[in-house]
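Work through the exercises below with the sequence and the model side by side. Try each task before reading its solution.

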Amino acid sequence: MNNPFVMMRQTFSQIGRNMNMTVASMFSITAILLILGIFFIILVNINNISDSVKENFGEVQINLTNAVDEVKVKEMMDEFKPMDGVENVSFLSREAAMENFKKKWGANADLLDKLEVNPLPNAIVVKVSDIEKADGIVKRAEGMQGIEKINYAQNTIDKLIKISNYIQLGALILIAALLAISIVVVSNTIKLTVLAREREITIMKYVGATNWFIRGPFLLEGIIIGLISAAVSSVVIAAIYHQVVANFGFDFALLMSTGFAPEEFLIKNLIVVYVALGVSIGSCGSIISMRRFLDT
Amino acid sequence: MIEYKNVTKYYGDNVGVEEVSCRIDNGEFVFLVGPSGSGKSTFVKLMLKLIDADNGKIIYNGYDVTKLKNMEIARHRRSMGIVFQDFSLLPKKTVAENVAFAMEIIGRSRRSIRRQVPQMLDLVGISGEAGKFPDAISIGEQQRVAIARAIVNNPSVLIADEPTGNLDPETGWEIMRLLEQINRRGTTVIMVTHSSEIVNAMGKRVIAISGGRIIRDESEGMYRPEEDDGPGAADDEVFEL
């Protein structure tokens, strides 16, 4: 490109002249980006849940009855420590457990302050380095005195992880399909603007404009359309996610034992994804639509 | 110098040109005549590398046009000016902007554009119309704009596709005089035409093409009506826009 200003001028006058098509393609890209965004959010949250599941996966939590005193706790812990596959053994007091619980509930934690008695038990947490060995620890614990409950749900966890893997795979396939569709949509839109300027392009070609000179304004047009769509989608999806977290965050945390993926983190990432997608959808679309005009 | 050496181009089973060989020297004025679909269009398109030859060579300024790489094609075309039968002006640009456009797209500086465009308009005799839009001037003047645009970058070859095809005889002659003037400045002119009157009066070289082959090449040629199927046949536009 010899003169970027000539290209910029051409691009903007082009966008102005084809306002209807420009708006139409922005709508389609925005719609597709929003659907993608929803899948993205679902994916991130599933990841979040399965991460938290995996983190708890290697843990056996042994809840103790109130009758167990400190000396007894120490004895029990010493019994677990030398066992095969044990990474470390720690004591989780009911107060610390409550703190953790409050963290999970996030904004709704003040509800917990209303409890007069802490209903949570003291517990011994055995972290397992090798998941296969967890069963042995559970069996040993079952033979001890003063145990209220042993929390270890291998089957459920296995299932959950399997399901989340399937959902992730499905979402990825859908995202790929949507991307392909959006490139077709954009390339068709730009093809119409190209057709409207076919005469100009032909003259440019005959007079000896390089392919990149001809492509430049269309490429830039595609990128600008993509960027604007990305901006609109970011705002819309941020608003939607904010509402969802505000309205359902509490139920979700109760149900999944972990909160929604943090808003700021997720939206920041989504904006990066949107900008990248917007630019690539826009530029791929315009390059594809220009191909038949520039093959010589 | 342009030299075709046994150039063949087929479109599927249809012949475009077949075993065409000829040589056009610098500064020549050549008429390309022949019936519609005879291969004139293919002949010119091959020269501009708008299509690829199946066989043969086209030597131009020391290189083989058929072997040009994508990156080199734009540069190659810049050495040739093209005038279309329908003028192909951009309706939303003024006369001066239409001419400037050809300079802009090859990256000429604004200063040289400002200097050269008025000179060109003056040369083709329409300096008074610089600020007007194409539909506000006569078709003869439109063709002059198209010629100004074609020569503004100083091409060594000017290709004119029936430049008088849409003009009344008087205006047609004015355009011919202009082309002759450009030719005298040293530019090779290759003109596709159906006008026997013009060909016969000019007494220039005539290359007649029929069925994809050169059937006649005379240095001071005449037009032969039996080689033609009448002017303005719709399917013989050199440049499909």
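Angles under 35 degrees count as roughly parallel, over 145 as roughly antiparallel, 65 to 115 as roughly perpendicular and the rest as oblique. Axes are lines fitted to C-alpha atoms, for helices over the stretch in contact, and angles run from 0 to 180 degrees between N-to-C directions. Helices (H or I, at least four residues) and strands (E, at least two) are DSSP runs, numbered from the N terminus.

The model is predicted: local features need pLDDT of at least 70, side-chain atom pairs count only at pLDDT 80 or more, and totals for chains, interfaces and linings use all residues. Residues are numbered from 1 along each chain as its sequence is written, while chains are lettered from A and ligands numbered from 1 in the order in which they are written.

**Exercise 1.** Describe how α3(B) and α5(B) pack.

Step 1. Helix α5 of chain B covers residues 139–151, and its axis lies 8 Å from that of α3(B), at an angle of about 25°.
Step 2. The two helices, α3(B) and α5(B), are therefore roughly parallel.
Step 3. From α3(B), V95(B), N98(B), V99(B) and A102(B) meet V145(B), A148(B) and R149(B) of α5(B) (contact: C-beta atoms, placed from the backbone, within 7 Å).
Step 4. Sorted by class, the residues of this contact are five nonpolar, one polar and one charged. Ala, Val, Leu, Ile, Met, Phe, Trp, Tyr, Cys and Pro count as nonpolar, Asp, Glu, Lys and Arg as charged, and the others, Gly among them, as polar.

**Exercise 2.** Classify the angle between α3(B) and α4(B) and list the contact residues.

Step 1. Helices α3 (residues 95–104) and α4 (residues 110–123) of chain B have axes that come within 10 Å and cross at roughly 125°.
Step 2. This angle makes α3(B) oblique to α4(B).
Step 3. On α3(B) the contact uses V95(B), A96(B), V99(B), A100(B), M103(B) and E104(B); on α4(B) it uses I113(B), Q116(B), V117(B), M120(B) and L121(B).
Step 4. Nine of these residues are nonpolar, one is polar and one is charged.

**Exercise 3.** Give the strand order of the open sheet in chain A and find its edges.

Step 1. Four strands lie in the order β2-β3-β1-β4, with antiparallel pairing (strands pair if DSSP finds at least two bridges between them).
Step 2. β2 (86–92) and β4 (147–151) of chain A are the edge strands, each pairing on one side only.
Step 3. Between β1 (residues 59–64) and β3 (residues 123–128) of chain A there are five bridges. One joins V60(A) to V126(A) in β3(A).

Note on methods. Two residues are in contact if their C-beta atoms, placed from the backbone, lie within 7 Å.
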